[in-house]
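Here is a short briefing on one structure. Please keep the sequence and the model open while reading.

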Amino acid sequence: MKPVFFSVLVLLSLINKASADELDHILRNRIEFYNIRPIEKNPPNPNRDLVTLGKFLFSEKNLSGNRRMSCQTCHNPATGTTDRLPLSQSENGKSILARNAPSLFNVGLKTRTSMFWDGRVKYDPKTNVFTTPEEALNGPNPKAREITESLKSALSAQAIFPLVAHNEMLGEVGENEIANAGNNLEAWDRIIERIKKESPTMDPTENYVKLFLKAYPETSEDKLNIGHVGEAIAAFQREEFQSNDSPFQRYLRGNNKAMTVAQKRGFAVFMGRGHCINCHQGSELGKGELFASVATPEWGAAPLVLDRGQGDVLKDIKRNFFYRVPSLVNIKLTAPYMHNGTYQNLSQVIEHYDNVSGMLVSFKISQERQDQMPVKVAVANQQAILDDIWLASQSGLFPELKNRLRLLEREKRYLEIFMEEALTDPKWDK
Ligand code: HEC
Ligand code: HEC
C-alpha cells in the first residue's frame with residue numbers, strides 16, 4: 001500500500017511542477033509579447049543639496065497661504081503617498097476637491113511627460129515647451145521665462161500648481177497675503193518672499209535662503225523664483241518615491257520564485273481573459289501617457305460640477321471622461337480607487353470591469369460614506385449623463401469594454417491576489 005500511495009504523491013507533485021513551469025513559460029512569453037520591462041531605478045541626483053531642499057519643501061506648511069497644508073498632507077508616505085480619502089479635502093477642511101490624490105510612486109520616471117488625471121500639465125523634452133493651465137509658462141516664448149528656465153520636467157511644473165489652488169494650499173482671498181495676489185505670477189512671487197524669511201519646519205537650525213543658494217550655486221538671492229521651488233520638490237520626489245521591489249518586479253527581473261502560483265494565475269487573467277493589459281501597460285502597468293474611459297461613475301460635492309476629464313482640458317468631446325490609465329504599483333496601499341475614489345477596494349474595481357454598465361447605473365454613495373464627507377455629495381445619475389459616460393467607454397478604441405468579461409469567481413479572486421500581493425513593494429507596506 002505504502003509505496004503506491006507514495007508514488008501517487010510523487011506523480012501529483014510532478015504534474016503540479018510541470019504545470020507551474022508551464023505557467024512561467026506562458027507568462028514569460030506574454031511578458032515578452034507585451035514588452036513589460038522591470039522598472040529602472042533613477043540614478044541618485046549628484047546635486048544632494050537640491051534633494052535636501054526638496055525634502056524640506058515637500059513637507060513645508062509655510063508654502064501654503066494659511067500655513068496649514070504641505071504636499072505631504074495629501075501625499076503622505078506613511079499611507080502610500082496618498083491621503084486615503086476618496087476625494088481630497090480642501091485647505092480649510094470644509095469642502096472637498098473634485099479628484100482623488102494619486103500616489104507618487106515612480107512619478108519621476110522620464111517617460112512621464114504629463115501630469116494629473118487629465119494630463120493638463122505637459123512638457124515636451126524635445127522642444128522644452130510647457131503646456132499648463134498658466135498661459136505665462138506656455139509655448140516656445142513664455143512670458144515667465146525666468147520660471148520655465150528652472151523647470152526641467154512636467155513633474156517640476158506640476159509642483160507649483162497646488163500652491164496657487166485656493167482649495168489646495170492657497171486659502172481664500174482675504175485670509176492671507178498670498179491668496180490676495182491678483183494672479184498666479186504674483187502669488188508665486190509672494191510665496192518666494194515669504195519662504196526666504198523662513199527656516200524649514202523640519203529643521204529650524206537651517207535657513208531657506210542658504211539652502212536655495214547651496215542647491216542653486218549659479219543663482220543669486222534676488223533671482224530666486226517659484227521654478228526653483230518646483231525643481232527642488234521634483235528632485236526629491238524623483239528619488240524618494242521610487243518603488244521597484246514588489247514580487248512582480250522581481251519576477252520581471254527573472255526570478256520565477258518571486259510570485260506564488262495564485263499570483264501568477266492572477267497575472268495570467270490580467271493579460272488574458274481580463275484584457276487589463278490592453279490599457280495597463282509597461283513596467284508599472286499604467287501611468288504612461290495613455291488615457292481612456294472606463295465609464296467610472298461620476299460624483300462629488302453637491303451641486304455637482306460634472307468632471308469630463310481630458311475632454312475638458314482638450315476641449316474635445318471625443319475625450320470626455322477620459323482619464324490617465326493609473327499605475328498599479330502598490331495598488332493595495334492606495335485605496336480608494338479611480339480618479340474620484342469611487343471604489344473602496346479592489347474587489348469592487350474588478351466587479352466594475354466585469355459589469356461596467358451595471359456598476360455605472362447602480363452606483364450610489366452609502367449613508368456611511370456621506371457621513372465621512374464634510375459636505376453633501378451628489379451622484380451624476382441623470383440618464384443623459386449616464387449615456388454620455390457609457391458611450392465614452394464604447395468609443396471603439398477599447399473593444400475589451402464592449403462585452404461583459406464574465407470572469408469566473410476563481411478568476412476574480414486570482415486577479416485580486418495578483419494586484420493585492422504581487423504588486424506591493426515591502427518597502428512601502430508599513
Ligand atoms: C489638498 C490635497 C493636495 C495637496 C496639498 C497636494 N496635492 Fe498633489 N494632488 C492632489 C490631487 C487631488 C491630485 C490629482 C488632481 C488632478 O489630477 O486633477 C494631485 C496630483 C498630484 C500629482 C500628479 C501625479 C500624477 O501621477 O499625475 C503630483 C506629482 C502631485 N500631486 C504632487 C504634489 C506636490 C509636489 C504638492 C505640494 C506642492 C502637492 N501635490 C500638494 C492632492 C493634493
Ligand atoms: C480601456 C482601458 C482599460 C482597461 C481595459 C482596464 N483599465 Fe483599469 N483603468 C483604466 C483607467 C482609464 C483608469 C482610471 C479610470 C478613472 O479614474 O475613472 C483605470 C483604473 C483602474 C484601477 C484603479 C487605480 C487607481 O489608482 O485608482 C485599477 C485597480 C484597475 N484599473 C485595474 C484594472 C483591471 C484589473 C483591469 C482588467 C480587468 C483593468 N483595469 C482594465 C483603464 C483601463
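Two strands count as paired if DSSP finds at least two bridges between them. The model is predicted. On that basis, an open sheet of 3 strands runs in the order E1-E2-E3, with antiparallel pairing.

**Sheet**
- Strand E1 (114-115) and strand E3 (129-131) are the edge strands. Each has a single partner strand, so one side of each is left without a neighbour in the sheet.
- Strand E2 (residues 121-124) is joined to E1 by 2 bridges, and the two run antiparallel.
- Ser114 has Lys122 in E2 as its bridge partner.

**Ligand 1: iron and shell**
- The iron atom of ligand 1 has a single donor from the protein: His75 (NE2), at 2.1 Å.
- His75 sits in the loop between H3 and E1.
- There are 27 residues around ligand 1, and Cys71, Cys74, His75, Arg99 and Phe116 come nearest.
- The shell around ligand 1 divides into 15 nonpolar, 7 polar and 5 charged residues.
- Helices H3 (71-74), H5 (154-158), H6 (166-170) and H9 (226-240) each supply at least two residues of this shell.

**Ligand 1: polar contacts**
- A polar backbone atom of Trp117 is 2.8 Å from an oxygen atom of ligand 1.
- Arg120 places a polar side-chain atom 2.8 Å from an oxygen atom of ligand 1.
- In the side chain of Gln158, an N or O atom is 3.2 Å from a nitrogen atom of ligand 1.

**Helix H9**
- Of the 15 residues of H9, 13 are buried, so the helix is largely enclosed by the rest of the structure.
- At 1.5 Å a residue, H9 should span 21 Å; its end C-alpha atoms are 21 Å apart, which agrees.
- At the start of H9, a side-chain oxygen of Asn225 comes within 2.7 Å of the backbone nitrogen of Gly227.

**Ligand 2**
- Ligand 2 is surrounded by 25 residues, the closest being Cys276, Cys279, His280, Thr296 and Tyr353.
- Its shell divides into 18 nonpolar, 5 polar and 2 charged residues.
- Strand E6 (323-324) and helix H13 (346-354) each supply at least two residues of the shell around ligand 2. H13 gives the most, with 3 residues.
- A polar backbone atom of Met338 is 2.7 Å from an oxygen atom of ligand 2. For a polar backbone atom of His339, the distance to an oxygen atom of ligand 2 is 2.6 Å.
- Tyr353 has a side-chain N or O atom 2.6 Å from a nitrogen atom of ligand 2.

Methods
Residues are numbered from 1 along each chain as its sequence is written. Chains are lettered from A and ligands numbered from 1 in the order in which they are written. This is a predicted model: local features need pLDDT of at least 70, side-chain atom pairs count only at pLDDT 80 or more; totals for chains, interfaces and linings use all residues. Side-chain values use heavy atoms; hydrogens and water are left out. Helices (H or I, at least four residues) and strands (E, at least two) are DSSP runs, numbered from the N terminus. A residue is near a molecule or strand if one of its heavy atoms lies within 4 Å of it. A polar contact is a pair of N or O atoms within 3.5 Å; within protein, one must be able to donate a hydrogen and the other to accept it, and residues adjacent in sequence count only if both atoms are side-chain atoms. Ala, Val, Leu, Ile, Met, Phe, Trp, Tyr, Cys and Pro count as nonpolar, Asp, Glu, Lys and Arg as charged, and the others, Gly among them, as polar. The expected span of a helix is 1.5 Å times one less than its number of residues. Buried means under 20% relative accessible area, exposed over 50%, partly exposed in between (1.4 Å probe, protein chains only). Donors are N, O and S atoms within 2.8 Å of the metal (3.2 Å for Na, K and Ca); water is not among the atoms, so sites may look incomplete.
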